[in-house]
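Morning, everyone. Let me put the model up, and then we'll walk through its core.

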Amino acid sequence: MKNKFSYILFPALITAVLTSAILLGGCQKKPPANPNSYTMDKDASYAIGMYLASQWQIPDVHYDYNSFMQGFRAYNESLETKFNMDEAIAKIQAAFEVLAAKQQPAATSEADQLKLEEGRLFLDENGKKPGVITTASGLEYEVLVQGSGPKPAVTDTVQVNYEGTLTDGTVFDSSYARGEPIEFALNGVIPGWTEGVQLMNVGSTYMLYIPSDLGYGSYPAGDIPPNSVLIFKVELLDIIK
């Protein structure tokens, strides 16, 4: 199933790309191709391109596709590359540092400070409600349905249905509205999800009340203002092995 863009995924994309690049840094250039090697046909090659894009797609980031293909082909075919891998990783890191700087608000406004205080007050009151449990990190959760299946580990990929709202009830994201569940790696989402979903057994439905520092912090994200508490109803459907 192809993942649609989700607000729970975006913060981890840059980290995932850099992690992939760092792991590649330990790889050596592959040996020359075997004379009996297989050449992909056009459709298979196109499909692989689609798949790579689905793993590396970052909102509002555009690539120089000619250079992209030159680098891909040179490394894949053991040709002489423009950079060694350490130099390539440094250039990737520099590019994403620029991206991160563009996303960082120039200054925290009075409205942002008010939103931060509003969130703290909400969590203070919400944490006093019967059935709401607060973890050491400040995450609050409530069990709506307790399942009996296994719990996922941080390295697992899970399948969930969910709906995300702000404290005023505004819905900003919903797999229910899209008509299909979503699959994602637990180590590739916002920290509140990584922690909260690991508490759940398959078959459970929880409410997660996520402080801003376990969500987007001072960054705006689409319809989500900076310093927002995020509320998610999460239904853990399966652990994908």
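The largest nonpolar core has 28 residues. By nonpolar core I mean a set of buried Ala, Val, Leu, Ile, Met, Phe, Trp, Tyr and Cys residues joined through side-chain atoms within 4.5 Å. Buried is under 20% relative accessible area, exposed over 50%, partly exposed in between, with a 1.4 Å probe and protein chains only. Those with the most contacts inside this core are Val160, Phe184, Trp193, Ile210, Leu230, Phe232 and Val234.

This is a predicted model: local features need pLDDT of at least 70, side-chain atom pairs count only at pLDDT 80 or more, and totals for chains, interfaces and linings use all residues. Residues are numbered from 1 along each chain as its sequence is written, and side-chain values use heavy atoms, with hydrogens and water left out.

Which elements give two or more residues to the core? Strands E3 (157-165), E5 (182-185), E6 (205-210) and E7 (230-240), plus helix H7 (191-198). These are DSSP runs numbered from the N terminus: helices are H or I, at least four residues, and strands are E, at least two. E7 gives the largest share, five residues.

A second, separate core has five residues, including Leu123, Tyr209, Val229 and Ile231.

Now H7. Its buried residues are Gly192, Trp193, Thr194, Gly196 and Val197. They pack against E3, E5, E6 and E7.

Last, asparagine 126, in helix H5 (residues 110-126). Buried or exposed? Asparagine 126 counts as buried, because its relative accessibility is 3%. Leaving aside neighbours within four places in sequence, asparagine 126 is in contact (heavy atoms within 4.5 Å) with Val132, Glu140 and Tyr209.
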